[in-house]
Amino acid sequence: MKCRHCGTPLNHTFLDLGFAPPSNAYLTQADLSKPEKYYPLKIKVCDHCWLVQTEDYAQADELFSPDYAYFSSTSSSWLAHAKAYAEQMTQRLGLNGNSMVIEVASNDGYLLKNFVAAGIPCLGIEPTASTATAAEKLGIPLLQAFFGEALGKTLAAEGKQADLIAGNNVYAHVPDINDFTRGLKAALKPGGTITLEFPHVMRLIEHTQFDTVYHEHFSYLSLYTVSRIFQTAGLRIWDVEELPTHGGSLRIYGCHQADLRPSTDAVEVLLQREAEAGLQTLSPYTSFQARANKVKDDLLDFLIRQKRTGKKVVAYGAAAKGNTLLNYAGVKPDLLPFVCDAAGAKQGKYMPGSHIPIMAPQAIQQAKPDFVLILPWNIADEVMKQNTFIREWGGKFVTSIPELVIQ
Ligand SMILES: [Zn+2]
């Protein structure tokens, strides 16, 4: 296989998680008596442009099924993040009723509804039918499609170039990152700004966040690599911010290469820090598997010990990252009888691979477990606040990444 950005043959493995079902392929009870499809889950690193990427195995359309269950609006901290973003961009870029905002992968309208409320014209692009329908109900103009160069050129031809193109947590999920970036270039007005948010691979490595690896997540990105990809497409990064979301993300600000805006110092400073962390050398990548294995071993050891001493452990958050962790560790309902999730669309279904049932959060009150394992550690504070009542019977919270912590 060759690098999806620069075409260099990929000779180095970053992480091999064996085989796993797609992380968002939640199962119904009827599905449990059918065969389940597993795909290899192996991540490579390119020793030329340092793009960390999944090994090829399947088509994107097979993974983003029409009943894809993730609705952004179910996380209150994510909604607050989106609102703050809209206010910040409106002010910084001077957006008004004559501007145009395009969001790629607009999900259920969690972000664009803030621009609609402010009277700023916008357009959402979203391939998933169920979330797209939810967005349309909020009055958000919507195009149900995958974004890429062809669509970017169509939008430009229709006079729909944007002053702001937002892509929050889509860039890492794109199979053809070069085509997608050329699409951004085509759909951007002269003088316009692109912002993309994606998990920072430097943080993934630093905090052993191997559970953020799943099939739909094609790329694991550094500022250095994204700068190269932007440059190849005729774009330039003029600012970058570090965000706490998803365990440490970057928000990059892009513009046309010919744009006269100066770059901020933050770009050079972060490129320097990445270089100092060795991200343009092999060692941080090739030493990662052993660290992931330790996290897996510690979690299994904890769960087996609780089972043997008659303690009850349940989990909170049926997120994709939980599926990666549980499937890699081989955890089944005998060690973890159920997972709670606030998203109605997931309740009553089963986690792919592990077949652990998903219940409403109220199930914790009834079960009174000794431990609640929080799978989406990125929203651990929010989950602990919502579930402080477990202290009434002496319950404790557990997170397993970057290391097992009981509190
Ligand atoms: Zn490459």
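Among contacts in the chain between residues at least 6 apart in sequence, 69% join residues at least 24 apart, a contact being defined by heavy atoms within 4.5 Å. The structure is a predicted model, in which local features need pLDDT of at least 70 and side-chain atom pairs count only at pLDDT 80 or more, whereas totals for chains, interfaces and linings use all residues. Residues are numbered from 1 along each chain as its sequence is written, and side-chain values use heavy atoms, with hydrogens and water left out.

The chain contains 14 helices and 17 strands, where helices (H or I, at least four residues) and strands (E, at least two) are DSSP runs numbered from the N terminus. For 407 residues, a compact globule would have a radius of gyration near 22 Å, and the value of 21 Å found for the chain agrees with this; the radius is taken over C-alpha atoms, and the globule rule is 2.2 Å times the number of residues to the power 0.38. Along the principal axes, the C-alpha atoms fill a box of roughly 65 × 45 × 40 Å. Of the 407 residues, 55% count as buried, a class that denotes under 20% relative accessible area, with exposed meaning over 50% and partly exposed lying in between (1.4 Å probe, protein chains only). The chain exposes about 16400 Å², of which carbon and sulfur atoms supply 53%; these areas come from the Shrake-Rupley method with a 1.4 Å probe, and for residues only the protein chains shown count as cover.

A zinc ion is held by the SG atoms of C3, C6, C46 and C49, which lie 2.3 Å from the ion. Donors are here N, O and S atoms within 2.8 Å of the metal (3.2 Å for Na, K and Ca), and water is not among the atoms, so sites may look incomplete. Along the chain, the donors follow the spacing C-x2-C-x39-C-x2-C. The angles among the four donor atoms run from 102 to 115°, and the site is tetrahedral. Four donors count as tetrahedral if all angles lie between 85 and 135 degrees; four count as square planar and six as octahedral if opposite donors are over 155 degrees apart and all others between 65 and 115, and anything else is irregular.

Helix 12, spanning residues 320–329, is mostly covered, with ten of its ten residues buried. The buried residues of helix 12 include K321, N323 and Y328, and their cover includes strand 1 (12–20) and helix 11 (288–308). Helix 12 is followed by G330, whose phi is positive, near 70°.

Twelve aromatic pairs are counted under a rule by which rings of Phe, Tyr and Trp (its six-membered ring) pair if their centres lie within 6.5 Å, planes under 30 degrees apart counting as stacked, over 60 as edge-to-face and the rest as tilted. W78 and Y110 form a stacked pair, at 6.1 Å centre to centre and with 25° between the planes. This pair links distant parts of the chain, 32 residues apart, since W78 belongs to helix 2 (residues 76–92) and Y110 to the loop between strand 4 (101–104) and helix 3 (112–117). Both W78 and Y110 are buried. The rings of Y171 and F198 have their centres 6.1 Å apart and their planes at 40°, so this pair is tilted. Y171, in the loop between strand 7 (162–168) and helix 6 (177–187), and F198, in strand 8 (residues 188–199), are 27 residues apart, and both are buried.

Most residues other than glycine have a negative phi, and most peptide bonds are trans. A105, in the loop between strand 4 and helix 3, has a positive phi near 65° and is partly exposed, with a relative accessible area of 21%. H355, which lies in the loop between strand 13 (339–340) and strand 14 (358–359), likewise has a positive phi, of about 60°, and is partly exposed, with a relative accessible area of 26%. A cis peptide bond with omega of about 10° joins I401 and P402, and P402 is placed in the loop between strand 16 (396–399) and strand 17 (405–406).

S222, in the loop between strand 9 (219–220) and helix 8 (223–232), is buried, with a relative accessible area of 2%. Residues up to four places away in sequence not being counted, S222 touches H200, V201, E274 and L279.
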